Amino acid sequence: MRKLIEFIRSIYVVVLFVVLEIAAVSYYAHSSSYTQARLLARSNQVAGGLHGFFAGVRRYLFLGRENRHLAERVARLEEQLAQYREAETEARLDDYMRDIGESKYRFATAAVVGNTLNRMQNLLTLNRGRRDGIEEEMGVLAPDGSLVGYVVACSERYAVALSVLNTSFRTSGKIVDTEYSGSIYWDGRDPNTVILGELSKYAEPQPGQEVVTAGLSEYFPADVLIGWVESAQLNETRTSYTVRVRLAAEMSRLNEVILVADRDRYEIQDLQHSEQVEQHTRLN
Amino acid sequence: MYRTLPYLGLFAATVLLQVFLFDNLSISVYLNPLIYIAFIALLPLDAQPATLLGSGLLLGITMDCAMGAAGINTIATLPVAFFRPTLAAMICGRENVREGGIPSPERLGPRKFFAYLFSLTLIHHTIFFLFEALSWDLLFHTILRIVLSTIVSVAFCWIIARIFTAKLPVRV
């Protein structure tokens, strides 16, 4: 009996180690970017204040640049507004424009309080949450309107977004002014470039061409700037191009972001899950 | 356990440094120093294996919650805590380990302390980055990340060890 107890005493650390390690590995194996984002969203409820303080200090240092960007953007929007006013006047004259109610997209802004670049699964923490009308699956854009990521988890006061620099990130992209689209993803190598894969061989991408979202994805409006073609390579079977795209958003200097939600998407989703649709699918 | 208070301070300091400084540095994809491993490395030489394992678990879970990385820190810190007594005995000799004391350049001599710190950090970083990449495609890329991050982490852990042991007598 004493020997048995001694034997157990001598190996219980090993057993404990093996059990804990297996538990940790299985938890990791069953996790996805979504569980990781949820975990971060939850711990942000505790650490959020501290994060906010450090982000505030950092943001202060970039105020000048931020201001310049905003001013540029205001100028651009001002120009667009002028164009729209002109169009509106013309339309009213033609009695052509019908009332479309509120715009299709809903916008919000947020400050970045946590941002990593040096991992494979990079996530952004934003200081706005459900309380401020942020919802899961909202697109995240840089202040200049280029693609950054999309929201995957929200708490009351914070949101966590999947950065474009996350190997789980997927969306559709295309070369501007063409109809050839491919999928945008990150290969985990360079935080300044992403990949536009499975692009048709007829697209013939040239360095410097703009790459924008194709609007096929649920998260982003069409024609959001992603970046510029850096280099392109035909794959071995010569059926499609793999294009390296230089990101337009400066991921390492992201302080403020714009969030965008498609109002119609929720309406469409509600419609797709409505009873009538379900009845018909059940019949077939 | 003796010296609970300084170790609580060390735990808080390494976790806060990691979360609020090193995770925000974002110098390069290849440089991701994980300096919180200094906490495990600096636990007393004669600490019980179960204590080490418990500390490793606590540290891993804390970092997982703070980083939003489901389990990967725990996966990496547990083996470090588990193999630490064996490694310490191999590098510094059983007598030294039995005598106890805080591992530091003064206590073990710079060369032995470096070997001890480097091997612990290397184990930790190897497991961490391999599990993060989860593929053999980018093996060279991952190895580069492991090596560069280990070097930087060891340098910072060395500084932390010097600061932590500056006010404490070398032999407890």
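Trainee: In what order do the elements of chain B run from the N terminus on?
Mentor: They run α-α-α-α-α-α-α-α. The model is predicted. Chain B has eight helices and zero strands.

Trainee: What makes a residue of chain B count as buried, and how many are?
Mentor: At least 20 other C-beta atoms must lie within 10 Å of its own. Buried residues are 47% of the 172 in chain B.

Trainee: Which share of contacts in chain B joins residues at least 24 apart?
Mentor: The share is 71%, taken among contacts between residues at least 6 apart in sequence.

Trainee: How do you know that chain B touches chain A?
Mentor: A contact needs C-beta atoms within 7 Å. By that test, 28 residues of chain B are in contact with 30 residues of chain A. Helices H1 (4-25), H3 (49-67), H4 (72-92) and H7 (110-133) of chain B each give two or more residues to that side. By class, this side of chain B has 19 nonpolar, seven polar and two charged residues.

Trainee: What makes the barrel in chain A?
Mentor: Six strands close in the order E6-E7-E8-E11-E10-E9, with antiparallel pairing. The twist averages 40 degrees from one strand to the next.

Trainee: Why are strands E8 and E11 of chain A called paired?
Mentor: Pairing takes at least two bridges, and six join E8 (residues 193-200) to E11 (residues 240-247), so they count as a pair. They run antiparallel. One bridge partner set is Ile195(A) with Arg244(A) in E11(A).

Definitions and conventions: Residues are numbered from 1 along each chain as its sequence is written. Chains are lettered from A and ligands numbered from 1 in the order in which they are written. This is a predicted model: local features need pLDDT of at least 70, side-chain atom pairs count only at pLDDT 80 or more; totals for chains, interfaces and linings use all residues. Helices (H or I, at least four residues) and strands (E, at least two) are DSSP runs, numbered from the N terminus. Axes are lines fitted to C-alpha atoms, for helices over the stretch in contact, and angles run from 0 to 180 degrees between N-to-C directions. A residue is buried if 20 or more other C-beta atoms lie within 10 Å of its own, exposed if 12 or fewer, and partly exposed in between; C-beta atoms are placed from the backbone. Two residues are in contact if their C-beta atoms, placed from the backbone, lie within 7 Å. Ala, Val, Leu, Ile, Met, Phe, Trp, Tyr, Cys and Pro count as nonpolar, Asp, Glu, Lys and Arg as charged, and the others, Gly among them, as polar.
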